[in-house]
Amino acid sequence: MIRSFTYIIVCILFANCNNQDEALDQKKIASSDGKGLIVTLFLNDSIVSTNSEIQITARFYNNGEKDIKLDQRQILENPILSLRVSDEKGNALHSVPPSIPRDDKNSTFIKILKPEEDYTIKYNLNIFSPALSKGRYSVNMKNGSSNKVWFDIE
């Protein structure tokens, strides 16, 4: 009896240790995305009457040891290219098409994040025509890791 009880306790402890290691590995992958970049999204309001009322603040933080180059013009400042909006079932929704970016060979639209530096930008979800219908929706970054935020249109 004591032997089987000890075996059960050892199995439980071993399983918990494995889960903690797995959780740490997932955290590293999700937070650094292999580049040292952490993106955190915040909503101005979680219940709105139309998607154009939604403002999303994105905080880009470099927790790595090297500089990170971010393209402000084509990716960061364009919610159509930056954000993935999904319905409650997880189906990605298609917005209006993005505009064609200028061909700047000497572009000054590159933001360099030094280690431990952050950059914040705001997006508006006025990118759907027609507007989104009533329901529950989620938003996360299209390229790279970020948290997922939810809002309801009532």
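What is the mean pLDDT of the chain, and what share of its residues reach 70 or more? This is a predicted model, and the mean pLDDT of the chain is 76, with 69% of the residues reaching 70 or more.

Begin by colouring the chain by confidence, and select helix α1, residues 2-32, where confidence is lowest, at a mean of 34. Then widen the selection to residues 1-34, over which pLDDT stays under 50, and for which the model has 9 contacts beyond four places in sequence. For the other end of the scale, select strand β9, where confidence is highest, at 97.

Next, show strands β1, β3 and β7 together. Strand β1, residues 37-43, pairs with β3 in the antiparallel sense over 7 bridges, and β3 also pairs with β7 in the antiparallel sense, over 7 bridges. To follow these pairings residue by residue, select Thr40, which stands opposite Arg59 in β3, and then Thr57, which stands opposite Lys122 in β7.

Side chains of opposite charge can pair when their charged atoms come close. How many salt bridges does the count come to? The count comes to 3 salt bridges, and they can be visited one at a time.

For one of them, select Asp118 together with Arg59, whose closest N and O atoms are 2.9 Å apart.

Move on to Asp67 and Lys114, whose side chains meet in a salt bridge at 3.5 Å, N to O. Here the partners sit in loops: Asp67 lies in the loop between β3 and β4 (68-71), while Lys114 lies in the loop between β6 (110-113) and β7, so the pair ties together parts that are 47 residues apart in sequence. Asp67 counts as partly exposed at 43% relative accessibility, and Lys114 counts as partly exposed at 45%.

Finally, select Asp152 and Arg136, whose side chains meet in a salt bridge at 3.1 Å, N to O. This pair links distant parts of the chain, with Asp152 in strand β9, residues 149-153, and Arg136 in strand β8, residues 135-141, 16 residues apart. Arg136 is partly exposed, at 32% relative accessibility, and the tour ends in β9, where confidence in the chain is highest.

Definitions and conventions. Residues are numbered from 1 along each chain as its sequence is written. This is a predicted model: local features need pLDDT of at least 70, side-chain atom pairs count only at pLDDT 80 or more; totals for chains, interfaces and linings use all residues. Side-chain values use heavy atoms; hydrogens and water are left out. A salt bridge is a side-chain nitrogen of Lys or Arg within 4 Å of a carboxyl oxygen of Asp or Glu. Helices (H or I, at least four residues) and strands (E, at least two) are DSSP runs, numbered from the N terminus. Buried means under 20% relative accessible area, exposed over 50%, partly exposed in between (1.4 Å probe, protein chains only). pLDDT is the predictor's confidence in each residue, from 0 to 100. Contact means heavy atoms within 4.5 Å. Two strands pair if DSSP finds at least two bridges between them.
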